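Here is a protein chain to explore step by step. Keep the sequence and the 3D view side by side as you read.

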Amino acid sequence: MNVSDSEVVASILARDGYTPVNSAEEADLVLLNTCSIREKAEYTVLQRINEMNNLKARNKGLKVGVLGCMAERMREDLLEKKKVVDLVVGPDAYRTLPELLEKVGTGQKAVNVLLSREETYGEIEPVRLGTNGVTAFVTIMRGCDNMCAFCVVPFTRGRERSRDATSIVRECEQLVRDGYREVTLLGQNVDSYKWRPVQSAENGIVDFADLLEMVAVACPTLRIRYSTSHPKDMTDKVLAVMARYDNICKYIHLPVQSGSSEVLKRMNRGYDRVWYLERIASIRRHMPDCAISTDIIAGYCGETEADHQETLSLMEEVGYDMAFMFKYSERPKTLAARKYPDDVPEEEKGRRLAEIIELQKRKSAERTAGYVGQIHEVLIEGVSKRSNDHLYGRNSQNNVVIVARQVVGGKTNAEGSRSLKPGDFVRVRITSATAGSLQGEVLDVLNHQPALA
Ligand code: 5AD
Ligand code: SF4
């Protein structure tokens with residue numbers, strides 16, 4: 001999400017004559033795009049802000065801005081407490097950056113943290129930053145109306161609003177023209193995407209399943225991913241569209257947060273364990289080969305040992321391919337901060353998290369081991385960190401797959417080369433697996449993605 005936001009900011013600044021540079025040392029303006037989701041994320045940003053003092057000492061003309069959720073949450077506080085900061089801009093105020101920068105240019109400090117009910121940056125064509133030229137993000141909605149009790153996002157990013165579907169499709173078509181092979185559609189809760197074409201009747205509403213289908217049909221050579229789903233809103237209609245189109249990846253990120261219905265109730269998640277497991281069963285019914293990942297919070301307010309055991313047993317039952325796992329961290333203003341004491345001792349949170357991580361490691365290893373011997377279609381994204389002779393890519397299930405750069409047996413890619421490159425789409429036999437990645441042997445180089453099923 002923040003990468004995508006930074007690309008919108010880069011686009012707005014490009015119109016104002018700014019161009020990106022490769023390091024903060026070369027810059028006249030440094031903008032830190034921030035996240036408030038956990039205290040640790042904010043702590044990291046505060047350290048980065050402090051580091052800016054050194055840069056400013058060396059480059060007196062340097063201006064420093066803070067963007068995103070922390071800007072929204074801490075506002076003027078940031079300007080007062082961190083003298084190095086010249087500019088504070090919340091996630092809905094990026095269009096005002098040129099005026100704010102003008103003010104900063106006259107030696108004043110500038111702030112705009114107004115949230116909006118309408119802003120989607122819909123027609124802004126992002127400037128792709130740090131891109132591999134193969135995969136890109138497209139934001140389809142902003143904000144969140146869910147009010148999960150632990151979460152600061154509804155306060156920092158404001159009310160939910162969906163972006164014009166036609167502008168989303170246009171952006172994806174442009175990606176194809178620019179040579180991209182994969183897009184990830186982004187929103188805090190994509191399942192509540194809803195867009196009504198102007199002057200259309202009630203039944204003209206485009207929901208997320210419709211949007212997915214529109215992109216899949218308009219861009220048959222583009223791989224499509226999306227994030228994040230919400231278990232209370234994920235419909236069978238979405239699953240049916242996923243199953244119908246080969247160019248939609250078989251991978252769903254479905255955060256569960258806890259396996260205990262009691263805890264889920266206190267989290268205000270809008271579903272219980274039984275409902276969640278039914279959604280998992282429905283995914284498996286529609287797409288037996290679909291990978292599923294999740295988010296889990298350890299040590300939420302009032303979580304008992306029995307609740308924790310329920311999380312472990314749910315993980316055992318689902319067998320996630322991957323998980324993001326966190327200790328609960330109380331966030332200001334949230335319902336949990338106001339209503340429930342953060343009463344699980346730090347040490348206990350740590351122990352529970354370690355157990356969750358340990359179990360997930362085992363489950364990930366089981367899932368990847370099951371892929372050995374199978375044939376997967378892999379989109380090559382870049383050079384492997386470990387070896388220049390190897391490239392990495394991803395299969396539909398979002399596993400990283402490592403293959404040799406040189407293909408053997410007379411096979412060539414679209415340009416007639418035997419050396420693979422990012423953007424090539426290959427059929428791979430999986431030869432071995434670790435918990436984190438798969439290794440494979442290239443069988444064929446496909447010159448294009450498999451189109452519609
Ligand atoms: N403490 C710990 N984890 C949190 N998340 C969101 N808020 C908190 C919090 N206060 C996690 C959730 C969410 C992911 C993006 O971050 O698991 O799905
Ligand atoms: Fe936060 Fe819940 Fe919205 Fe996700 S769905 S952003 S966890 S409030």
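The side chain of Glu26 makes a polar contact with the side chain of Ser23, at 3.0 Å. This is a predicted model, so read every value here as computed from that prediction. Glu26 belongs to the loop between α1 (2-14) and β1 (29-34). Is Glu26 buried, partly exposed or exposed? Glu26 has a relative accessible area of 49%, so it is partly exposed; the label exposed needs over 50%. Leu55 is 29 residues away in sequence, and the C-alpha atoms of Glu26 and Leu55 are separated by 9.8 Å.

Now look at another glutamate. Glu72 sits in helix α3, residues 69-81. Its relative accessibility is 3%, and buried means under 20%, so Glu72 counts as buried. Which side chain does Glu72 touch through a polar contact? The side chain of Arg75 is joined to that of Glu72 by a polar contact of 2.7 Å.

Next comes Thr96. Thr96 lies in the loop between β3 and α4. With 21% relative accessibility, Thr96 is counted as partly exposed. The side chain of Thr96 reaches back to the backbone oxygen of Ala93, at 2.7 Å. Thr96 and Ile12 are 84 residues apart in sequence, yet their C-alpha atoms are 9.0 Å apart in space.

Stay in that loop and turn to the aromatic rings. A pair of aromatic rings is described by the distance of the centres and the angle of the planes. Five aromatic pairs are counted in this model. One of them is formed by Tyr94 and Tyr121. Their ring centres lie 5.8 Å apart, with 20° between the planes, and the pair is stacked. Where in the chain do Tyr94 and Tyr121 come from? Tyr94 is in the loop between β3 (87-89) and α4 (97-105), while Tyr121 is in the loop between β4 (110-112) and β5 (135-139). The two residues are 27 residues apart, and the pair links distant parts of the chain. Tyr94 and Tyr121 are both buried.

Compare the rings of Tyr271 and Tyr276. Their centres are 6.0 Å apart and their planes stand at 35°, so this pair is tilted. Tyr271 is buried, with a relative accessible area of 6%. Tyr276 is buried too, with a value of 0%. Elsewhere, Phe150, Tyr300 and Tyr328 form one aromatic cluster.

Look at the oxygen atoms of ligand 1. A polar side-chain atom of Arg38 lies 2.8 Å from one of the ligand's oxygen atoms. Gln257 brings a side-chain N or O atom to 2.6 Å from an oxygen atom of ligand 1. For Asp295, a polar side-chain atom is 2.6 Å from an oxygen atom of the ligand. Taken alone, ligand 1 exposes 400 Å², and the protein buries 87% of that. The charged end of Arg38 sits over the ring of Phe326, 3.6 Å from the ring centre.

Phe150 also belongs to the surroundings of ligand 2. Among the other residues there are Cys144, Cys148, Cys151, His230 and Arg269. Which classes make up this shell? There are seven nonpolar, three polar and one charged residues.

Finish with the backbone. Most residues other than glycine have a negative phi, and most peptide bonds are trans. The peptide bond from Ser227 to Thr228 is cis, with omega near 10°. Thr228 is in the loop between β11 (223-227) and α8 (236-244). Asn268 has a positive phi of about 60° although it is not a glycine. Asn268 lies in the loop between α9 (261-266) and α10 (273-286), and at 36% relative accessibility it counts as partly exposed. Asn398 also has a positive phi, near 80°. Its place is the loop between β16 (390-394) and β17 (400-404).

Notes: Residues numbered from 1 in each chain as written. Chains lettered and ligands numbered in written order. Predicted model: local features only at pLDDT ≥ 70, side-chain atom pairs only at ≥ 80, totals over all residues. Heavy atoms only, no water. Polar contact = N/O pair within 3.5 Å; in protein donor to acceptor, adjacent residues only side chain to side chain. Areas by Shrake-Rupley, 256 points an atom, 1.4 Å probe, with all protein chains shown as cover. Phe/Tyr/Trp six-rings, centres within 6.5 Å; stacked < 30°, edge-to-face > 60°. Helix = DSSP H or I, 4+ residues; strand = E, 2+ residues; numbered from the N terminus. Buried < 20%, exposed > 50% of the residue type's maximum accessible area, 1.4 Å probe, protein only. Lys NZ or Arg CZ within 6 Å of the ring centre and 35° of its normal. Near = heavy atom within 4 Å. Nonpolar A, V, L, I, M, F, W, Y, C, P; charged D, E, K, R; others polar.
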